[in-house]
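Please look at the sequence and the structure shown here before reading on.

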Amino acid sequence: MRQFLLATTLIIVPVAAFTAFQFYMAPSSAQAESASMGDMAPFITIVSDVQTIAATGDFTAAELRITDFETAWDDAESTMRPLNTNAWGTVDDAADAALSALRSGTPTADKVTETLTALMATLENPYAGSDALPVAVTLVSGVAVTDENGRPLPCEDMLTQVREGIAAASLSDADMATVVDFQTKAIERCNADDDTRADAFSAQALAVLTP
């Protein structure tokens, strides 16, 4: 869920051959955070508005209003997600379901109502089950691409690490070409809201940058 367009100017270099993903699972003993993510009232207000609009059958207007939620939620991610990754993920999943219901080719009243009701309930109590044990951290080429609960890291954050690594690196032309190739693919997948594959490409770039 993201309204995001990366604008990165790349130096044209020879493209290195793409290597297959290497996924590893690394267990984590850390407990999930139980801290509050902060004031949920602004998000609850927006979803309440969406429910009111959707009840009239005007799904176009409801979709427009839920876009306000999407924007506000994405803007708050960098602050809220680190406070409680489990709770943040629970709300994010519920929001994705509601967005999908309203943005389907032919929204149905039952599905829209169901997903909005679930989203509201989650916003009102996002911490239910947030003390569950973490699942695992996924590694690609030795670099973490998920949090302790198995959720992909924000692809923008990983791309920032790649850009900073490129700026500080002293690599051969061949290695830099490999890095830029992975970076290009990561940007493409991040623009498509495919955090999982974007993070995998970024991780492979970082592995070359920090051997």
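In which hand does α1 pass α2? The crossing of these two helices is left-handed, a term used when the near helix is turned anticlockwise from the far one by less than a right angle (right-handed if clockwise).

## Basis of the description

The model is a predicted one, in which local features need pLDDT of at least 70 and side-chain atom pairs count only at pLDDT 80 or more, while totals for chains, interfaces and linings use all residues. Residues are numbered from 1 along each chain as its sequence is written, and side-chain values use heavy atoms, with hydrogens and water left out.

## Overall architecture

The chain contains seven helices and three strands. Helices (H or I, at least four residues) and strands (E, at least two) are DSSP runs, numbered from the N terminus. In order from the N terminus, the elements follow the pattern β-α-α-α-α-β-β-α-α-α.

The chain has 211 residues, of which 40% are buried. Buried means under 20% relative accessible area, exposed means over 50%, and partly exposed lies in between (1.4 Å probe, protein chains only). Of the contacts in the chain with a separation of 6 or more, 76% are between residues 24 or more positions apart; a contact means heavy atoms within 4.5 Å.

## Two helix pairs

The table sets out the geometry of two packed helix pairs. Axes are lines fitted to C-alpha atoms, for helices over the stretch in contact, and angles run from 0 to 180 degrees between N-to-C directions.

| Helix pair | Angle | Axis separation |
|---|---|---|
| α1 (residues 41-55) and α2 (residues 59-80) | about 165° | 8 Å |
| α5 (residues 155-168) and α7 | about 20° | 9 Å |

Helices α1 and α2 are therefore roughly antiparallel to each other. Angles under 35 degrees count as roughly parallel, over 145 as roughly antiparallel, 65 to 115 as roughly perpendicular and the rest as oblique. On the α1 side, the residues that meet α2 include Phe43, Ile46, Val47 and Val50; among their partners in α2 are Ile66, Phe69, Trp73 and Met80. Sorted by class, this contact of α1 with α2 holds 15 nonpolar, no polar and three charged residues. Here Ala, Val, Leu, Ile, Met, Phe, Trp, Tyr, Cys and Pro count as nonpolar, Asp, Glu, Lys and Arg as charged, and the others, Gly among them, as polar.

Helices α5 and α7, by their angle, are roughly parallel to each other, and their crossing is left-handed. Residues of α5 in this contact include Met158, Leu159, Val162 and Ile166, and those of α7 include Ala198, Ala203, Ala205 and Leu206. The contact of α5 with α7 is made up of 10 nonpolar, three polar and two charged residues.

## Nonpolar cores

A nonpolar core is a set of buried Ala, Val, Leu, Ile, Met, Phe, Trp, Tyr and Cys residues joined through side-chain atoms within 4.5 Å. In soluble globular proteins, nonpolar side chains tend to be buried together.

The largest nonpolar core comprises 28 residues, and those with the most contacts inside it are Met37, Ile66, Phe69, Trp73, Met80, Leu119 and Leu123. Two or more residues of this core come from each of α1, α2, α3 (85-103) and α4 (109-124). Helix α3 supplies the largest share, nine residues. Leu119 touches Val47, Phe69, Val91, Ala94, Ala95 and Ala98, when neighbours within four places in sequence are left aside.

A second, separate core has 21 residues, among them Val162, Met176, Ala203 and Ala205. Ala205 lies in helix α7 (residues 195-209) and is buried, with a relative accessible area of 0%. Apart from residues up to four places away in sequence, Ala205 touches Val162, Val179 and Phe182.

## Individual residues

Asp96, in helix α3, is partly exposed at 26% relative accessibility. Its C-alpha atom is 9.1 Å from that of Thr115, 19 residues apart in sequence.

Asp193 has a phi near 60° and belongs to the loop between α6 (173-191) and α7. Asp193 is likewise partly exposed, with a relative accessible area of 35%.
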